[in-house]
Amino acid sequence: MSFEKNIRSEFVRILGKEWVKDDQVTLYTYRCDGLALYTAPPMGVLFPGTVQELSSVIKLLNQYKISFVARGAGTGLSGGAVPQEGSVIIEMARFKEVHEVDWVNRTITVGPGVINLHITENVHSHGYHYAPDPSSQKACTIGGNVAENSGGPHTLKYGVTVNHVLGIEMVLPDGELVTLGGKHLGMPGPDLLGLVTGSEGTFGIISKIICRLTPNPEKAVTLLGIYTSVRNACESVSSIIRHGIIPAAMEMLDKITISAVEKALKPGFPLDAEAVLIVELDGLADGLDAEAETVEKLLKETGATKVNRAQDEAERAKIWRARKEAFGAIGQISPSYYVQDGVIPRSKLPEVLDEITAIGKKHGLTVANVFHAGDGNLHPLILYDYENPEEVEKSHKIGEEILEDLIKFGGTLSGEHGIGIEKAEWMSDLYSETSLANMQNVRVFFNPENLLNPGKIFPHPGRCAESKAGTPPPNLSAVNKTKLVAAKSGIAV
Amino acid sequence: MSKIEPCSLEELQNWVNSRIETQVPFRICGNGSRFVSTISGNQKDIPGDILSLKKLNGTRFFDPDDMVVGVEAGMSIRTLQGMLAEKNMVLPVNPWFPDSCVGSVVACNDYGPNRMDMGGLRDCIIGIEYINGKGELVQAGGKVVKNVSGYDLTRMMLGSQGGLGVITAVNFKVLPRPVEPHGMFGIFRNEAWLSQLKELRKLRIPLNWIQALSTSDSSWVLGMGYSGNKLNRDRIEGEIREVFGNTLTIQPDSKSYSGQIFTPGEQRFTGFLPSIRDVWKMEESHFHVFATLPTEEIFTFPFETFRKANFKIAVHPTGGDIHFMHKSTERKEQLQHLEKIKSDLIHADSKLRWVSSTPKCSFMDLGKFGVASGYSLVKRLKKHLDPAGVFFAPYYDLEFDE
């Protein structure tokens, strides 16, 4: 697949020859995002460099009724940037300008192609940072973060992307340029900025973003609670919150994950522990130690056999490296793994974790857990051998049963990875037909011909009944779930 | 004019459906705390029917361990906060009228002084239920604090002014009550506090709120709220004193500010808001708009002219908004005040809102200053989601070139 000659020449007229690509290497490179084994080659890839160019190519695509998908760094884990139906990819990497830093209003205005971590690097020496910190922050772009409403370990205290984006400039699927929000916190009228954030690139393509800057904490204290029971670790989480303390992060690793990170990274976690809980407090230096003492007491009261405190920045970094690279470390104990992303009410953590373990045992596979305990955002890791078709099938079943369980306990399908292709067929399990139809009605408003990022978020028409029964629709063009499971192998999030 | 007060969701849905079928518009009110029976003279075709959600005021769920709560739209914020307080929790939203119902506060996207560091409604809302333009009951979001499953219709309804549907229930994530809330207060004879606040802001200390109020003797009361353990508070107080000197008074929670015109009330966490209206003796018919604007513009706003022209002014300097109040009740005079304020809002991003619809002036008088960026998109969305045009909301009726 490649551009038709006449269309190609029109793109070249707008963008210049070097920014219109449909050679085989490019098409192969852009066939998928972080959901690596589900692939669909694009018709071609366009690299606009200005908002005028972006608007012009979108108008042209609209004129020829060619579907298109925006793409940032391609780190998404739900297939949101996979060019289904041979869509054209609009690569936003050239929008990497930092337009303005406004210290009084505490904002930074950037292009969507700016890498998440680069925002913080731009302002850190002035005492600020950009708070949402997905584990892929060294690579993922802010445009993709807005599209997916990304989170990260520190969202417990600081919130997710929607809480840190004050304004955007966006090109609608017909080429119209709109601005939403601004530099201040309150706007009259419906919160369209909030609606667009997390819409997975189906409403428009963002060309500029005003981000909120957060003052750097003066000091951070990192505690490591060690437990002989996962249930006790979960109780510690609730106990801290009940005492009116909101840590910057509360992250949990279970026994299986501990064994993996010890093999790979040697952070010094005890191998006989059933779970470790990382609690990070931050803020003004004064009074923080006293708060840490309170938390330490609470951890012990709720069953921590030992609480270690990082004595210096090196020790703190070691603990965080173990957390942030835990998924990759799983490779030490299993040839493949399938990571899920779902959220449950925090108080249900012990029950749900028990059930997840039981589901794994029922199917004869191990499920490891490393997750954002403070906000109930689970990432079960189903361990299997990709070379073993039976295990691949089992891991698929386990994933489905886990999702069913999350919904049963009042949870949701995704806390930070999005729905994309991966979970579209499960949406009818989570929402009523009416609620889904309303979401689709909003999509029709923004994207009436469904040219922008088609095939994402919603179940294929007529598939709901099959999905509810837990059976993948036959010949489904969107998802080959076996491939999907394999695709998740070895991806660090 | 007739007022309809459904007692059940089913009754409400049936009634809304009948209106959609006959394409008869209606107005929505909750407890009526800021709802006046007439909306200024320049509005045509004001619907006679008023839908009140006052009787739909139940609690859907309250899970203190998960710090989430779901209530029906007719419950007052005062009732909700009372329920949360019993579990030592709080929704960091203090609307001007504490008896406003939850649905109204969400539809107007109200917030309060805690918006600065603790977030407003858009940071707390996690789920919603509403009746849409087809008469269907829609549920969006959920009971969990982190959720990216599908479109965020919850936030779409936030600030929708009753124009996109009838909000019937809302889910919130709530916060633990702050540890030992305190406030520092001082009296200022001029606007010198503005430049001092600008300096304080550079220190990046965590404050719960900052609020400045003009007083009847043409001076200002400035208050700053903070919380935490003693070491933490000592540090914050020290930093504030570095900038303001030793003139500010420290007041812990539940201590009244005796001997002053302004009392911040018993709870430091809420700033002055609970008592301002009473102290200023402001009535619903009086002029009361507020402007939201970037922090930098608040620091440079010409407050002195307004203070000397007998305006009552409340300022949340960082975050940020300015409330302008005046005892004038005549439309002509109120419009003059409005024009004066508009002329001093320098930046195009600055926006104006009425705190309540007054009998003399309306949303329409705010013009471009009353709508957010992307207004034409919002107008089109309204037509798309309310094809029968039954959800009356003047917000969507302005005509101008963006």
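Guide: Gladly! Two strands count as paired if DSSP finds at least two bridges between them. Keep in mind that this is a predicted model.

Visitor: In what order do the 3 strands of the open sheet in chain B lie?

Guide: Strands of a sheet pair through backbone hydrogen bonds, either parallel or antiparallel. Here, the open sheet of chain B has its 3 strands in the order 1-3-2, with parallel pairing. Strand 1 (2-4) and strand 2 (27-29) of chain B are at the edges with a single partner strand each, so one side of each has no neighbour in the sheet. On average, neighbouring strands of this sheet are turned by 30° against each other, direction ignored.

Visitor: How many bridges join strand 2 of chain B to strand 3 of chain B?

Guide: There are 3 bridges, and strand 3 covers residues 49-52. To find your way there, look for Cys29(B), which stands opposite Ser52(B) in strand 3 of chain B.

Visitor: Which domains is chain B divided into?

Guide: Domain 1 spans 2-176 and domain 2 spans 182-369. Taken over C-alpha atoms, the centres of these two domains of chain B are 27 Å apart.

Visitor: How many residues of chain A are in contact with chain B?

Guide: In chain A, 69 residues are in contact with 70 residues of chain B. Helix 16 of chain A gives the most to the side that touches chain B, namely 6 residues. By class, that side of chain A has 27 nonpolar, 34 polar and 8 charged residues.

Technical notes
Residues numbered from 1 in each chain as written. Chains lettered and ligands numbered in written order. Predicted model: local features only at pLDDT ≥ 70, side-chain atom pairs only at ≥ 80, totals over all residues. Helix = DSSP H or I, 4+ residues; strand = E, 2+ residues; numbered from the N terminus. Axes fitted to C-alpha atoms, helices over the stretch in contact; angles between N-to-C directions. Domains from an automatic or database assignment. Contact = placed C-beta atoms within 7 Å. Nonpolar A, V, L, I, M, F, W, Y, C, P; charged D, E, K, R; others polar.
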